Amino acid sequence: VQLQASGGGLVQSGGSLRLSCAASGSIFRENAMGWYRQTPGKERELVAVVSCDGRTVYADSVKGRFTISGDNVMHTVNLQMTNLQPGGTAVYYCLADMTTTQTMYSYRYWGEGTLVTVSS
């Protein structure tokens, strides 16, 4: 399974960005897709995840500002980020929990990451 993310960039504090990610490969079933982020010296942390049944989980720090949406037929996930703050500067990683046709068990796949920089 390959993940291709796009949409990172530089934005001023209070601005908005939209991240997108598409999964491809021998996918039998999509179980969940979402986003984590990481800053230097820190562990990767959850931003938001959407499961195949539409349930969403958000980090407390982004609730009310970020919205995740997914299409489990097209295997895409989007993250609409509004009112971005400098603390949101990080590399954002797309993830996909997929069951593949080869293995028939669920495995978490990661994209390469896209940089979001929020200037004050």
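**Exercise 1.** Determine whether asparagine 83 is buried, partly exposed or exposed, and state where asparagine 83 lies.

*Solution.* Step 1: the classes are buried (under 20% relative accessible area), exposed (over 50%) and partly exposed (in between), found with a 1.4 Å probe and protein chains only. Step 2: asparagine 83 has a relative accessibility of 37% and therefore counts as partly exposed. Step 3: asparagine 83 is placed in the loop between E8 and E9. Here strands (E, at least two residues) and helices (H or I, at least four residues) are DSSP runs, numbered from the N terminus. Step 4: although asparagine 83 is not a glycine, its phi is positive, at about 50 degrees.

Two remarks on the source apply throughout. This is a predicted model, in which local features need pLDDT of at least 70 and side-chain atom pairs count only at pLDDT 80 or more, while totals for chains, interfaces and linings use all residues. Residues are numbered from 1 along each chain as its sequence is written, and side-chain values use heavy atoms, with hydrogens and water left out.

**Exercise 2.** Describe the hairpin that E7 and E8 form, and the residue with a positive phi in its turn.

*Solution.* Step 1: strand E7 covers 66-71 and strand E8 covers 76-81. Step 2: E7 and E8 pair antiparallel through six bridges; two strands pair if DSSP finds at least two bridges between them. Step 3: aspartate 71 is opposite threonine 76 in E8. Step 4: four residues lie between the two strands of this hairpin, and histidine 75 in the turn has a positive phi of about 60 degrees. Step 5: histidine 75 is not a glycine, and its relative accessible area of 16% makes it buried. Step 6: E8 has a further antiparallel partner in strand E3 (residues 17-24), to which six bridges join it. In this pair, arginine 18 faces glutamine 80 of E8.

**Exercise 3.** Which residues does glycine 70 contact, leaving aside its neighbours within four places in sequence?

*Solution.* Step 1: glycine 70 belongs to strand E7. Step 2: a contact means heavy atoms within 4.5 Å. Step 3: under the stated exclusion, glycine 70 is in contact with Val50, Thr76 and Val77. Step 4: for a distance along the chain, take alanine 5, which is 65 residues from glycine 70, with 13 Å between their C-alpha atoms.

**Exercise 4.** Why can strand E4 be called largely enclosed by the rest of the structure, and which strands pair with E4?

*Solution.* Step 1: strand E4 comprises residues 27-38, and nine of its twelve residues are buried, so the rest of the structure largely encloses E4. Step 2: strand E9 (residues 90-100) runs antiparallel to E4, and ten bridges join the two. Glutamate 30 is placed opposite methionine 98 in E9. Step 3: strand E5 (residues 45-51) also pairs with E4 in the antiparallel sense, over six bridges. Here alanine 32 has serine 51 of E5 opposite. Step 4: in a regular strand, side chains alternate between the two faces of the sheet. Step 5: E4 and E5 make a hairpin with six residues between them, and glycine 41 in the turn has a positive phi of about 85 degrees. Step 6: lysine 42 is in the loop between E4 and E5, and at 58% relative accessible area lysine 42 is exposed.

**Exercise 5.** State where serine 120 lies and which residues it touches, not counting those up to four places away in sequence.

*Solution.* Step 1: serine 120 is found in the segment after strand E11 (114-119). Step 2: serine 120 is exposed, with a relative accessible area of 89%. Step 3: with the stated residues left out, serine 120 touches Ser13 and Pro86. Step 4: leucine 84 is 36 residues away from serine 120 along the chain, and their C-alpha atoms are 9.9 Å apart.

**Exercise 6.** How many helices and strands does the protein chain have, and how compact is the chain?

*Solution.* Step 1: the protein chain has zero helices and eleven strands. Step 2: its radius of gyration is 14 Å, close to the 14 Å that the globule rule gives for 120 residues, so the chain is as compact as a globular protein of that length. The radius is taken over C-alpha atoms, and the rule is 2.2 Å times the number of residues to the power 0.38. Step 3: of the 120 residues, 41% count as buried.
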